Amino acid sequence: MPIGEWFNKQKKLAPGNPNLEKRAVPDGVWEKCKGCNEPIYTKELEKNHKVCPKCDYHFPFSAQERVNHLTDPGTFDELWADLSSEDPLHFIANKTYVDSLDIARDKTGLNDAVICGTGQVNGRRVAVGAMDFGFIGGSMGSVVGEKITRLIELATDDRLPLIITSSSGGARMQEGMVSLMQMAKTSAAAARFNKSGMPYISILAHPTTGGVTASFPSLADIIIAEPNALIGFAGQRVIEQTIKQKLPKNFQTAEFNLTHGMIDMIVSRLEMKHTITRLLDYLEPRGVAQ
Ligand SMILES: [Zn+2]
């Protein structure tokens with residue numbers, strides 16, 4: 001390295017350099033918004049339910065955050081938390097499925113990609129489920145399918161309104177056909193629930209794609225999406241290659257899906273609980289003992 005260049009480098013690293021001072025801010029105090037690129041004070045972001053106060057960008061929510069946000073404090077009783085996936089295919093890609101599960105468990109503190117249980121939404125008892133994208137991309141394998149099915153069956157038997165938030169990359173390829181079967185299983189349960197006359201509200205968070213979009217989340221009475229959520233089945237590039245046509249830029253956004261009748265509403269996370277309460281007021285059958 002030429003000596004002049006070396007001196008310049010040292011100058012850049014010297015105390016008082018604003019770039020260096022910027023780097024000295026402790027991790028976790030500020031977060032950069034992916035929507036507007038502005039820094040946001042982390043505490044402010046948490047207080048605003050992880051929605052950017054400047055541009056309304058919705059940061060990812062974990063399943064637990066979702067449940068805490070929707071249900072009244074202290075009312076959520078989690079069910080079937082111990083269910084955990086087997087490795088039926090002894091699947092190995094760049095790592096074994098067993099390792100992927102271990103890493104996901106450590107990262108999220110969950111045994112699989114969904115939390116299910118009962119709780120109250122503004123005093124009304126409901127069956128509630130929330131998927132966690134942080135657990136192997138929120139993919140649906142045997143455990144997610146089983147827990148969602150049990151939740152829907154519980155809501156059917158106990159005549160509870162059903163609220164499920166999805167966020168998923170689709171079926172879990174590491175479980176092959178077993179994961180694809182969950183589409184039929186959860187859909188059949190949703191069809192039986194439909195006959196109960198109780199309301200089913202599906203919330204699609206960013207992203208909801210693949211075999212998950214193509215099953216229980218699309219079978220609700222009301223389908224809500226968070227703003228700008230990616231919602232689709234196959235990826236845009238795959239579709240373009242198949243149909244040999246260019247698709248619009250905003251294809252598969254919540255807004256595009258709303259315009260084309262695939263979803264019913266786009267609701268900001270900040271308005272979600274209020275909106276669900278109002279919808280349950282409208283939709284719940286009158287005079288039915290709970
Ligand atoms: Zn922003």
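**Zinc site, salt bridges and a buried strand**

Cys33 and Cys52 are both buried. The model described here is predicted. In it, these two cysteines belong to a zinc site. The zinc ion is coordinated by the SG atoms of Cys33, Cys36, Cys52 and Cys55, at 2.3 Å. Along the chain, the donors follow the spacing C-x2-C-x15-C-x2-C. Cys33 lies in the loop between strand E1 (30-32) and strand E2 (39-41). Cys52 lies in the loop between helix H3 (42-47) and helix H4 (63-70). The pair therefore ties together parts that are 19 residues apart in sequence.

The geometry of the site was examined next. The four donor atoms subtend angles of 103 to 115 degrees around the zinc ion, which makes the arrangement tetrahedral. Four donors count as tetrahedral if all angles lie between 85 and 135 degrees. For four tetrahedral donors, the ideal angle at a metal is 109.5 degrees.

Charged side chains form a second set of contacts. Side chains of opposite charge can pair when their charged atoms come close. The count comes to 12 salt bridges. One of them joins the side chains of Glu146 and Lys185, with an N to O distance of 2.6 Å. Glu146 lies in helix H6 (residues 142-158) and Lys185 in helix H7 (residues 176-195), so this pair ties together parts that are 39 residues apart in sequence. Glu146 has 24% relative accessibility and so counts as partly exposed. Lys185, at 30% relative accessibility, also counts as partly exposed.

Glu226 and Arg269 form another salt bridge, at 3.0 Å from N to O. This pair links distant parts of the chain, 43 residues apart. Glu226 sits in the loop between strand E8 (222-225) and helix H9 (236-243). Arg269 is in helix H11 (residues 269-283). Both residues of the pair, Glu226 and Arg269, are buried.

A further salt bridge connects the side chains of Glu240 and Lys246, at 3.7 Å from N to O. Glu240 has a relative accessible area of 16% and is therefore buried, the cut-off being under 20%. Lys246 counts as exposed because its relative accessibility is 71%, and exposed means over 50%. Salt bridges that share partners also join Arg66, Glu226 and Arg269 into one network.

Strand E6 (residues 162-168) was then considered. Seven of its seven residues are buried, so E6 is largely enclosed by the rest of the structure. In a regular strand the side chains alternate between the two faces of the sheet. Leu162, Ile164, Ser166 and Ser168 point one way from E6. Ile163, Thr165 and Ser167 point the other way. All of these residues are buried.

E6 pairs with strand E5 (residues 124-131) in the parallel sense, over four bridges. Ala130 stands opposite Thr165 of E6. The chain crosses from E5 through H6 to E6. This β-α-β crossover is right-handed.

E6 also pairs with strand E7 (residues 200-208). The sense is parallel, and there are six bridges. Tyr200 in E7 is the bridge partner of Leu162. E6, H7 and E7 make a right-handed β-α-β unit. The helices of these crossovers, H6 and H7, also carry Glu146 and Lys185, the residues of the 39-residue link.

Note on methods:
Residues numbered from 1 in each chain as written. Predicted model: local features only at pLDDT ≥ 70, side-chain atom pairs only at ≥ 80, totals over all residues. Heavy atoms only, no water. Donors = N, O, S within 2.8 Å, 3.2 Å for Na, K, Ca; no water. Tetrahedral: all angles 85-135°; square planar, octahedral: opposite > 155°, others 65-115°. Helix = DSSP H or I, 4+ residues; strand = E, 2+ residues; numbered from the N terminus. Buried < 20%, exposed > 50% of the residue type's maximum accessible area, 1.4 Å probe, protein only. Salt bridge = Lys/Arg side-chain N within 4 Å of Asp/Glu carboxyl O. Pairing = 2+ DSSP bridges. Right-handed = clockwise from strand over helix to strand, strands pointing away.
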